[in-house]
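My notes follow, in the order I looked things up.

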Amino acid sequence: MTETKTLTWAIDLDGTLTKSIWFPGLPEPEPYLDRIAKINDMYNNCQVIFIHTARKEENRPETEMWLAKHKVRYTALVMNKLAITGKYVDDRAINSEDFFK
């Protein structure tokens, strides 16, 4: 019997799953579809996925709509604060370009 080790991940949204940074009033950012596919695969393999964003709580509806539109699977959306996790993937921390190779 094979056991699956569950890890907890915080995945940054803007600049990591999106191709640009979003601010209110700007057009919706384009997704990195290959990165979303990897996140969905991790989620489907029992990984805990926190989508982390520095966006303000008042932008939660737009953020949740973007995630749903692009079919991002995740455990929780953490707004405007750092999620406490075992692994953190960001366009500035664990380099997102390296992680998604």
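Predicted model: local features only at pLDDT ≥ 70, side-chain atom pairs only at ≥ 80, totals over all residues.

**Overall layout**

Reading from the N terminus, I get the element order β-α-β-α-β-β-β-α. That makes 3 helices and 5 strands in the protein; helices (H or I, at least four residues) and strands (E, at least two) are DSSP runs, numbered from the N terminus.

Residues are numbered from 1 along each chain as its sequence is written, and side-chain values use heavy atoms, with hydrogens and water left out.

I checked burial next. The protein has 101 residues, and 40% of them count as buried (buried is under 20% relative accessible area, exposed over 50%, partly exposed in between, with a 1.4 Å probe and protein chains only). The accessible surface comes to about 6300 Å², by the Shrake-Rupley method with a 1.4 Å probe. Carbon and sulfur atoms hold 54% of that surface.

Then contacts, meaning heavy atoms within 4.5 Å. Of the contacts with a separation of 6 or more, 71% join residues 24 or more positions apart.

**The core**

I looked up the largest nonpolar core, and it has 16 residues. Such a core is a set of buried Ala, Val, Leu, Ile, Met, Phe, Trp, Tyr and Cys residues joined through side-chain atoms within 4.5 Å. β1, α1, β2 (48-53), α2 (60-69) and β3 (76-79) each give two or more residues to this core. The largest share, 3 residues, comes from α1. The residues with the most contacts inside the core are I11, L17, I39, I49, I51, L67 and V72. General reminder: in soluble globular proteins, nonpolar side chains tend to be buried together.

Leaving aside neighbours within four places in sequence, I39 is in contact with I11, L17, I49, R73 and F100.

**Two threonines**

T18 sits in the loop between β1 (8-12) and α1 (33-44). Why do I call T18 buried? Because its relative accessible area is 0%. Beyond four places in sequence, its contacts are L13, P29, E30, P31, Y32 and W66. I also found a polar atom of the T18 side chain 3.0 Å from the backbone nitrogen of G15. That is a polar contact: a pair of N or O atoms within 3.5 Å; within protein, one must be able to donate a hydrogen and the other to accept it, and residues adjacent in sequence count only if both atoms are side-chain atoms.

T53 lies in strand β2, and T53 counts as buried because its relative accessibility is 1%. Its side chain reaches the backbone nitrogen of R55 at 3.1 Å. Not counting residues up to four places away, T53 touches D12, L13, D14, L77, V78, M79, N80 and K81. T53 and L13 are 40 residues apart in sequence, yet their C-alphas are 5.6 Å apart.

**Around α2**

N59 lies in the loop between β2 and α2, and at 8% relative accessibility N59 counts as buried. Past four places in sequence, N59 touches W22, P24 and M79.

E64 is in helix α2 itself. Is E64 buried or partly exposed? It is partly exposed, since its relative accessible area is 34%. E64 touches Y74 and L77, with residues up to four places away not counted. E64 and L77 are 13 residues apart in sequence and 8.0 Å apart from C-alpha to C-alpha.

**Positive phi**

Most residues other than glycine have a negative phi. I noted two residues that go the other way. C46, in the loop between α1 and β2, has a phi near 70°. C46 is partly exposed, with a relative accessible area of 46%. K71, in the loop between α2 and β3, has a positive phi of about 55°. K71 is exposed, at 62% relative accessible area.

**Rings**

How many aromatic pairs does a search of the whole structure find? It finds 0, where rings of Phe, Tyr and Trp (its six-membered ring) pair if their centres lie within 6.5 Å.

Y32 does have a charge over its ring: the charged end of R35 sits 3.9 Å from the ring centre. The cut-offs are NZ of Lys or CZ of Arg within 6 Å of the ring centre and within 35 degrees of the ring normal.

Key. Phe/Tyr/Trp six-rings, centres within 6.5 Å; stacked < 30°, edge-to-face > 60°.
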